Amino acid sequence: MTDKNPDPSSEPAPEPGAVEADEFSFTALSDLALNLRWTWNRDTDDLWATLHSGLWETTQNPWLILQTISKDKRHSVLADPVFRQHVSKLHEENRAAITGARWFQAAHPDAPLNCAAYFSMEYMLSESLPIYSGGLGNVAGDQLKAASNFGVPVVGVGLLYSQGYFRQEIDGHGNQQALYPFNSPGMLPVSPLRQPNKEWLRLRVPLAGSKLWLRVWEVRVGRLKLYLLDSNDPENSAPQRCITGELYGGGQELRLKQELILGIGGWRLLQELNLDPEVCHLNEGHAAFAVLDRARTYMERRQVSFAEALTATRPGNLFTTHTAVAAGFDRFPPELIARYLKEYAECELHISLSELMALGRAAGSDPGSDPAEPFNMAYLALRGCGAVNAVSRLHGAVSRRIFRPLFSRWPEAEVPVAHITNGVHMPTWSSAAATALWNEACAGECFQGTVAPEPVNPERFFRNLSDDRLWELRTNARMTLIHQARLRLFRQMHDQGEPAEVLDAVRDVFDPDALTLGFARRFATYKRPNLLLKDPERLARILTCNERPVQLMIAGKAHPNDLAGQALIRQWSEFIRRPDVRSRAVFLTDYDMLLSQQMVRGIDLWVNTPRRPWEASGTSGMKVLANGGLNVSELDGWWAEAYSPEIGWAFGDRREHGDDPEWDNVEAEALYSLLEGEIIPAFYDRNAQGIPVGWVKRMRESMIRLTLQFSAGRVIKEYAEKHYVSAAGAYRARSADGGKIGREVHEWQGKIAAHWEHLHFGALTINTGAAGHLFSVQVYLDELSPEAVRIELYADATENGPPERVTMTRKMALVGAVGGYLYSVAIPNQRPATDYTPRIVPYHEHAAVPLEVNRILWQR
């Protein structure tokens, strides 16, 4: 930007010390702008609005503002001593917030965890950094922020996309147009990562027989750092420079190259930075190649085989799956894997291509595996990690079913997939007024992870909060949203070339006092965004009722290759153009983080309509919680475990019906009936003061019961305590003393593989008496040590309880038999003896079974 007064002689001479104060304040402003803590700490909002209110409102990008304003503007603002003092105060508060002790340091002072590396293809941190698509990025961004709040030592690894995910435009016929504007790094809140000599850090990684240069960028997220890799280096060829162009664009080959950069490039970046994380957390299978390169590093340091290295490093790897259907995993043709990874496998991992392929196939290394089977990134992640978790309770059950082919003889309940239900970073998604209310409820401690003398419990505050204040929060938020929606709709329709009379009518869109429903998701058929359109006339009657009007705000994108999803957008566009509903329903284009924040802060009722069980978790409905919004949803994902009648509404029978169109009709009817019979009356049944007491009661219960439970703070604490700390300890144990335990586990695995086919059962006897059942069974272990296995009784789950596993005791060696032993155990006779079956399972005190060894033998 050219200065207005380029001639220095035309400017007044600065007072002594003014230049230094100006530079100090501008440096402080830059530090604040380049640390994304401002995305959830609103204390700095007034700074950016003072510098450029228009840019702040439309971009939410402080760094862009600092790069855009003129020197004159900067000097004039910083000449104000009050403003400078305010900047200095906020800068110091920011420094204190990112350096002080937090929950993790207080709760785990002696933890073996120094660093957990978090790998993700996308991060939703701010609209100013558009490197996200949707839910996966939302989870990644919110968990990084929560890790900063709670002091969990995490470092993020991702990609910097020059175009990111597509931007959306809807033409006059309702057709989605995909746009790809260029994201100039100089205008993003990122910094080139410099080496001590100030040279930009660049990595050179192998790619299909050539070398690829990767530039490294740093993003500060509170006390944490996120490192982004970028192939747009001038030394690369033109095709190579475009690898990190689009998020989820191109075909399979481009996706494979991006995932190689994320996994292998990401791990090598950490090594270049002298970071040696005890834990690698894979947010989906996209980054699974990191487990290979982590093993390669261990191989080179310890001079061991790849198999031993993978065994030693595996406990330190965690895989979080977000996919609810097997077809959703990334799978690559064998020939593509051969082209890009054959040389890497043979020359760096010192294994054959077939050994590498086995890690990504259902049958593994079994001789009968199909050579044409694609390479599955989720299978690689599972075989390279020491723990696997899903993202809701229901999704855990679904994932155990999906991964059962890898544990074919094991009961589905024992497929090693646990769950940690997702949550959202409430300070990011709550309005300023809601944030102030929560700060009042718990002195600012609810979501910040500071070391409080007593546990934070805001329930008493909200129990005593008047209906007036809660309803005022809701009505003010709705009015703000309607104002924002009108502005956005005006720009949207202006860009579409609508005539003046149509633009003038925008001011009449929506009623600030009407019940406002929101639906904003990716437009995909399994999310059923058009469930409300099953009966358009009935929906129109609901929207246009004069006594109890309802209004509907919709947003969402369909992937450019998803023609069915785009057809759903066209259907909504056609409905919204109807004259009778035009002022009651809108489709806001280009659904992004900023629009999402505006909607979840002001919507009264969030609508969610997925086909169960295809919503792994869902987080959009969680974002309304802190703002006093309510949910109506299919009993899927997080809502399946959160719902009770006191906090919102639900439909569905908790069963699976696939994509049955008749069931869609049944559930559409249920949703219409809920709206007409319960939801709308609850909103409009008012007391003498005009307050809907029943609605506010649900608001109160929802805020009390759900907000903290489905916050990212709870999530990151669970990850730390259930996975990170234990994974770090297990990795350290296996790699200590020259990798002694890792070598022992590897040798144990080899013995299990060598002898397992020769194991068998002998005679089984069962004696049942008044005291219970006495089971005795002969077991033949070949040359395998009895310490290498466990003999168990197993009974399936019943309606009254979980599966039972009872360890049997070795009583004696069988005379004249090599490796023959008698095992027995007495159990209560609460269940029939026929419910129980003896089995042999591998056992090692330092191994995860069946994740690391999936062998099992049942007595027939």
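Modeller: A disulfide is a pair of cysteine sulfur atoms within 2.5 Å. This is a predicted model, and by that rule the count comes to one disulfide.

Biologist: Which cysteines form the disulfide, and how far apart are their sulfur atoms?

Modeller: The partners are C442 and C446, with sulfur atoms 1.6 Å apart. Both of these cysteines are buried.

Biologist: Is the disulfide of C442 and C446 left-handed or right-handed?

Modeller: The torsion about the S-S bond is about -130°, so this disulfide is left-handed.

Biologist: Now the backbone. Which residues have a positive phi without being glycine?

Modeller: The general idea is that most residues other than glycine have a negative phi, and most peptide bonds are trans. Among the exceptions here is Y248, where phi is near 55°. Y248 sits in the loop between α9 (238-241) and α10 (252-272). Another is D737, which has a positive phi of about 50°. D737 belongs to helix α28, residues 712-755.

Biologist: Are Y248 and D737 buried or exposed?

Modeller: Y248 counts as buried, since its relative accessibility is 13%. D737 has 69% relative accessibility and therefore counts as exposed.

Biologist: How should I read a helix, and how many residues of α15 are buried?

Modeller: An α-helix has 3.6 residues a turn, so residues three or four places apart point the same way. Helix α15 covers residues 377-384, and eight of its eight residues are buried. The buried residues include M377, Y379, L382 and R383.

Biologist: Which residue caps the N-terminal end of α15?

Modeller: N376 is the cap. One of its side-chain oxygens lies 2.8 Å from the backbone nitrogen of A378.

Biologist: Now a sheet. In what order do the strands of the four-stranded open sheet stand?

Modeller: In general, strands of a sheet pair through backbone hydrogen bonds, either parallel or antiparallel. This open sheet has the order β21-β22-β26-β25, with antiparallel pairing.

Biologist: Which strands stand at the edges?

Modeller: The edge strands are β21 (760-769) and β25 (809-813). Each has a single partner strand, so one side of each is left without a neighbour in the sheet. Direction ignored, neighbouring strands of this sheet are turned by 20° against each other on average.

Biologist: How many bridges join β25 to β26, and which residue stands opposite M812?

Modeller: Four bridges join β25 to β26, the strand of residues 820-827, and the two run antiparallel. M812 stands opposite L822 in β26.

How values were computed:
Residues are numbered from 1 along each chain as its sequence is written. This is a predicted model: local features need pLDDT of at least 70, side-chain atom pairs count only at pLDDT 80 or more; totals for chains, interfaces and linings use all residues. Side-chain values use heavy atoms; hydrogens and water are left out. Buried means under 20% relative accessible area, exposed over 50%, partly exposed in between (1.4 Å probe, protein chains only). A polar contact is a pair of N or O atoms within 3.5 Å; within protein, one must be able to donate a hydrogen and the other to accept it, and residues adjacent in sequence count only if both atoms are side-chain atoms. Two strands pair if DSSP finds at least two bridges between them. Axes are lines fitted to C-alpha atoms, for helices over the stretch in contact, and angles run from 0 to 180 degrees between N-to-C directions.
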